[in-house]
Amino acid sequence: GAESDGDCEFVRDLAASLGLPFHTRTLNPAASRNERNLQAWARAERYKFLESTACRRKYSQIAVAHHLDARAETMAAAVLDAGGTFALSGIPPVRGMIIRPLFDVSRTEITSFLSSREMSYRVDSSNESDKYQRNRIRHTVLPLWKGENLGIVEGLARLGEQLWLQRRYLEDQAQRIVERSMVSTTVSGVTLRVEPLMRADRALDPYVLRELVARIGLDLVPRATTVMRFSELRNWTELRGTFSIEQGKFAALLSQGVIRVYKKRSRTAAPNQEIAGLPTPAL
């Protein structure tokens, strides 16, 4: 509405005063979309716009404004949602073209800096509404946690950064394992030898699975149950049977010592391609 239009004009005027180009795109919140969560959809569309604009205009980097408090809030949300190790890895300082120059700066430091130079800024009124989890964390959860630990914001941000570094290492190891296991890659999926996967430590299974999901072009976060079944699948040694797992459009089938990972084309399983659960042993 009018507030959003005001934000746009503020940034347009600021860019003009600094001699910088300005780019904008308007989204219709009533538009049909696969993502039910409006904020998640808007975030995804925002990054698509930033990346496409950067590529089109040949910009080398995209700077976004996540700061120290935002990192702590993201970590607190991951804890409250029991989001697992991927969610707990928090916000990285750099990812691809995305950079976060305010990564270690607190919200208070930012506003104090602006005030000291009499620079105006905009505040989104939705930040005051406890309708959203992040605002409840900011207004209620973190102040409560500060009663137990005054350094909780810095501690959560630091933990997220440590976990992100560990995640990068584990993702690199998972990629190496997948490369060693690869038999073939086609438009319909990838085929892997099971022996190299069997030798890998189980701690890498979530990362191997996410690497495989990405290789078949899916934007999907494997559930804990899917990871558990993948661990069972890669260690299944009964060559006479088959073992499969699936989640959404993702499917993996183990048969005769190879694993085929592919994107399902429809809800209907192809004959002899998807067999739910462990095989029934012969009597």
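Mentor: A definition comes ahead of the tour: two strands pair if DSSP finds at least two bridges between them. Helices (H or I, at least four residues) and strands (E, at least two) are DSSP runs, numbered from the N terminus. The model is predicted: local features need pLDDT of at least 70, side-chain atom pairs count only at pLDDT 80 or more, and totals for chains, interfaces and linings use all residues. Residues are numbered from 1 along each chain as its sequence is written, and side-chain values use heavy atoms, with hydrogens and water left out.

Trainee: Ok, how do S7 and S8 pair?

Mentor: Strand S7 (residues 250-255) and S8 are antiparallel, with six bridges between them. Leu254 has Ile259 in S8 as its bridge partner.

Trainee: Which strand does S5 join?

Mentor: Strand S5 (residues 189-193) is joined to strand S8 (residues 258-263) by five bridges, and the two run antiparallel. Val190 has Val261 in S8 as its bridge partner.

Trainee: New topic. What is the strand order in the open sheet of three strands?

Mentor: The order is S1-S3-S2, and the pairing is mixed. Strand S1 (62-63) and strand S2 (94-95) are at the edges with a single partner strand each, so one side of each has no neighbour in the sheet.

Trainee: Do S1 and S3 run parallel or antiparallel?

Mentor: Parallel, with two bridges joining S1 to strand S3 (residues 98-99). Ile62 stands opposite Ile98 in S3.

Trainee: On to helices. How many of the residues of H3 are buried?

Mentor: Eleven of the 13 are buried, so H3 is largely enclosed by the rest of the structure. Buried means under 20% relative accessible area, exposed over 50%, partly exposed in between (1.4 Å probe, protein chains only). The buried ones include Leu68, Arg71, Glu73 and Met75.

Trainee: What covers them?

Mentor: The cover includes helix H4 (84-88), helix H5 (107-116), H6 and helix H7 (152-181).

Trainee: How far apart are the end C-alpha atoms of H3?

Mentor: They are 19 Å apart, which agrees with the 18 Å that the 13 residues of helix H3 (residues 68-80) should span. The expected span of a helix is 1.5 Å times one less than its number of residues. Just after H3, Ala82 has a positive phi of about 50°.

Trainee: Where is Trp145, and what does it touch?

Mentor: Trp145 is in helix H6 (residues 133-146). Leaving out residues up to four places away in sequence, Trp145 touches Ala76, Ile152 and Leu156. Contact means heavy atoms within 4.5 Å. Trp145 is partly exposed, at 26% relative accessibility.

Trainee: And Leu18, buried or exposed?

Mentor: Exposed, with a relative accessible area of 55%. Leu18 lies in the loop between helix H1 (2-17) and helix H2 (38-57).

Trainee: What about the whole chain?

Mentor: The chain has ten helices and eight strands. Its C-alpha trace spans about 80 × 45 × 35 Å along its principal axes. Of its 283 residues, 33% count as buried. Among contacts between residues at least 6 apart in sequence, 57% join residues at least 24 apart.
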